[in-house]
Amino acid sequence: MSIRQRHAVATALATVVGLLLAGCGMVDHGGVGRGLSAAVPEAYRAFVSKAGSICPQIPPAIIAAQIEAESSWNPKAQSRDARGNPIADGISQFIPDTWAIYGTDGDGDGIADVWNPADAILSQGIYDCAIAKKLLPEVAGGNVKGDIVSVTLAAYNAGEQAVLNSHGIPPYPETQGYVAKILSLAKKYQGAEVEPGGNSSEGAKIVAVARRQIGTPYVWGGGGIAGPTGGGFDCSGLTQYSVYAATGKVIPRTSQTQRMAGKSVPRSAMQPGDIIVFNNDGGWGHVGIYAGNGQMIDAPRPGKTVEVTSLSPYWTQFDWDVRRFT
């Protein structure tokens, strides 16, 4: 059961959703991809996929693992306190106050019903992403320690204020166990990441290798075919390592020389695993790995770590050169 003593948020649901779509693509340190395995019950796959597409911080596998931790996929689950009073309801275990803010109609029947899995699972994704959005600047600024997925899950369980007060996952055995359980379960629910028209073999392997580096510090001149050096990667060290570890191919070391190698690909034909070189500094000085869904994995700059970031709107203002090494 959840501790969940959350403060009400005086924000309309439509405003919350708009904010998520506009600004939830900044940082992702979860290292969990966007595919789903067959472990997700067929009746709920579409709902989980939809909920896991709201923001990059909370992918479908995390949504699925969280549902198992909350209710074991039981849409009639109800939690009660020591006196037998109901606390949380439904497959995603919402307390009434939180449902009153985030509950939404997930199947278009005109009713937001906590007992309806379509409604509850979509609302779970909306709520998770709302928490992530609030905590992102705290994580980026160092006020909250830990990756954004873990602290978001901790806040779902214990409340956002508990995470802020603890500057990370609170020292509650229940919350710590909750986060660890979901991160472990996510491995079961993670499936192959295949984008329509994309490369599901070598390209997907490049993305998978890069995802495993999420959270590794940026180190100028760091990284190569052997992995991180000096404790980390720079942007082109990450791309060189990811391509080599996934395919065995050795590509040039710098962003400028990577731009001259491989096969040129139109931006409209990008596939996961392609390398994007950006002319963000007048000298084609940055490079990242296209991860699908309008996102890339890169080692951005000193003081940051390898992360997943949205290509829009920031990176779309520069010239790109997309290269394929698969």
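Accessible areas here come from the Shrake-Rupley method with a 1.4 Å probe.

**View 1. The whole chain of this predicted model, as a starting point.** The accessible surface of the chain comes to about 13600 Å², and carbon and sulfur atoms account for 54% of that area. Of the 326 residues, 53% are buried. The fold contains 11 helices and eight strands. If we take the contacts between residues at least 6 apart in sequence, 60% of them link residues at least 24 apart.

**View 2. The hairpin of strands S5 and S6.** Let's zoom in on residues 286-292, which make up S5 and pair with S6 in the antiparallel sense over three bridges. Isoleucine 289 has isoleucine 297 in S6 as its bridge partner. Two residues lie between the strands, and in this turn asparagine 293 has a positive phi of about 55°.

**View 3. Strand S6 beside strand S7.** Here we move to the pairing with S7, residues 307-310, which runs antiparallel to S6 and is joined to S6 by four bridges. Look for methionine 296, whose bridge partner in S7 is threonine 309.

**View 4. The side chains of strand S6, residues 295-298.** In a regular strand the side chains alternate between the two faces of the sheet.

How values were computed:
Residues are numbered from 1 along each chain as its sequence is written. This is a predicted model: local features need pLDDT of at least 70, side-chain atom pairs count only at pLDDT 80 or more; totals for chains, interfaces and linings use all residues. Side-chain values use heavy atoms; hydrogens and water are left out. Buried means under 20% relative accessible area, exposed over 50%, partly exposed in between (1.4 Å probe, protein chains only). Contact means heavy atoms within 4.5 Å. Two strands pair if DSSP finds at least two bridges between them.
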